[in-house]
Amino acid sequence: MAFDLYDQKVRCKIVHFVCYPDIMYKSGILDVAFRTLMQPLHNGLADAYKAFCADDKLHFKIVYNTQVIPKPEVLLVLDSSFNPPHWGHHALIEKGLRLYDGRSTQVLLLLAVNNADKAAAPASFDKRMEMMCLMADLLHKNGSAVSVGITDYAKYVDKDIILRKHYKDARTISFLVGFDTIVRIFAPKYYYPRLPSEALESFMASTELCCLTREGNHNLEEQMKYSSDISNGVYEPNIPKSWGAKIHMMENDKIFESISSSAIRKAIAEGQTSEKLSKLLPLPIVDYILSSKDQMF
Ligand SMILES: Nc1ncnc2c1ncn2[C@@H]1O[C@H](COP(=O)(O)OP(=O)(O)OP(=O)(O)O)[C@@H](O)[C@H]1O
Ligand SMILES: NC(=O)c1ccc[n+]([C@@H]2O[C@H](COP(=O)(O)O)[C@@H](O)[C@H]2O)c1
């Protein structure tokens with residue numbers, strides 16, 4: 001299939017560049033290498049997305065790897081619409097990685113092309129994948145093994161099943177989420193007429209959730225005690241007590257807690273400077289957005 005062929009081609013090129021990361025980073029060769037690599041890779045992403053859409057049976061596909069850990073102890077998944085990726089996402093990944101420090105960890109940036117609540121809006125999915133690759137490269141510079149994938153499943157319970165099939169050797173699958181998302185994962189409306197306790201039983205039996213606080217309807221204290229509230233039975237019968245131990249609450253840094261993709265899209269549409277935007281999202285992504293031929297947002 002065209003898609004698999006593409007994947008193999010990309011992997012061969014990438015393996016060549018990740019062999020000697022330390023020397024290559026320090027000498028700056030890796031930046032050059034990635035930039036050379038970026039062009040054909042980015043061209044391929046649009047085709048990869050088309051091929052993904054054309055195959056009804058395909059619900060998950062890896063489209064890019066900075067490095068693959070063969071049998072990772074932990075698969076750390078950030079599922080998002082990446083519209084665009086930003087420093088809030090980056091903080092979530094960095095804090096999640098710290099939580100599993102000392103265990104071999106593969107990070108997966110997972111593009112959700114279907115949302116449980118909202119219809120797709122610009123940017124196009126191939127552009128989002130390009131921006132995800134830029135984020136992956138940035139994380140890789142700090143030593144993380146990162147893959148970029150795509151799924152058409154909207155709910156976490158379904159994403160988890162497909163990821164378990166793909167990453168059979170990963171001992172722990174842990175989803176990185178912000179506080180606004182964790183409350184939606186456990187909201188009864190997504191599973192009606194079943195209760196979350198029933199619909200999410202096997203998901204929560206085998207999965208962990210790393211949750212970062214975020215500006216919103218709940219203050220910091222309320223957010224930070226969410227998992228202990230669950231352990232104390234506050235949300236029974238919807239959320240069983242035993243699930244509290246599977247949820248790791250992480251406190252956000254002030255500078256990242258209010259960043260959101262929608263605020264960034266607005267800032268870009270209003271013509272904010274690259275300097276101001278770079279406080280919200282990494283400069284290579286700012287540059288990519290601002291240099292796009294057609295207006296992305
Ligand atoms: N600033 C942030 N701090 C903590 N978590 C965040 C932050 N931004 C996003 N997240 C979390 O990252 C995951 C993916 O985020 P999502 O794609 O919804 O980004 P978003 O910035 O909220 O997008 P949008 O504004 O378009 O709704 C979600 O679990 C979300 O809660
Ligand atoms: N119950 C659930 O599993 C559930 C609820 C809400 C959002 N989601 C997913 O969370 C991700 C991020 O969603 P938002 O962009 O709406 O924050 C998307 O993949 C979305 O489909 C899942």
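Start by selecting Ile-150 and showing what surrounds it. Setting aside neighbours up to four places away in sequence, you'll find Ile-150 in contact with Tyr-49, Phe-52, His-59, Phe-60, Lys-61, Val-63, Leu-110, Leu-111, Val-113 and Met-129. Keep in mind as you click around that this is a predicted model.

Now widen the view. Ile-150 belongs to the largest nonpolar core, which has 50 residues. Colour Val-63, Ile-93, Leu-109, Leu-111, Val-148, Ile-150 and Ile-289 together: these are the members that touch the most others in that core. Which helix gives the most to this core? Select residues 125-141 and you have it: helix 5, with nine residues.

There's another core to find, too. This second one is separate, holds 34 residues, and includes Ile-173, Val-177, Met-204 and Ile-247.

Next stop: strand 5, residues 172-178, where you can pick out Ser-174. Is Ser-174 buried or exposed? Its relative accessible area is 0%, so Ser-174 counts as buried. Show its side chain and look for Tyr-100: the two side chains make a polar contact at 2.8 Å. Leaving out residues up to four places away in sequence, Ser-174 also touches Leu-75, Leu-76, Val-77, Glu-208, Leu-209 and Cys-210.

Jump to helix 12, residues 261-269, and highlight Ser-261, Ile-264, Ala-267 and Ile-268, which are buried. The buried residues of helix 12 fall within an arc of 120°, so they line one face of the helix. What covers them? Among the covering parts are helix 4 (87-99), helix 13 (274-277) and helix 14 (283-290). Before you leave, step just past the end of helix 12 to Gly-271, which has a positive phi of about 80°.

Last, select ligand 1 and show what is around it. There are 24 residues around ligand 1, and Ser-80, Asp-180, Phe-256, Ser-261 and Ser-262 come nearest. An N or O atom in the side chain of Lys-118 is 3.0 Å from an oxygen atom of ligand 1, and a polar side-chain atom of His-89 sits 3.3 Å from a ligand oxygen atom.

How values were computed:
Residues numbered from 1 in each chain as written. Chains lettered and ligands numbered in written order. Predicted model: local features only at pLDDT ≥ 70, side-chain atom pairs only at ≥ 80, totals over all residues. Heavy atoms only, no water. Core = buried A, V, L, I, M, F, W, Y, C linked by side-chain atoms within 4.5 Å. Buried < 20%, exposed > 50% of the residue type's maximum accessible area, 1.4 Å probe, protein only. Helix = DSSP H or I, 4+ residues; strand = E, 2+ residues; numbered from the N terminus. Contact = heavy atoms within 4.5 Å. Arc of directions from axis to C-beta. Near = heavy atom within 4 Å. Polar contact = N/O pair within 3.5 Å; in protein donor to acceptor, adjacent residues only side chain to side chain.
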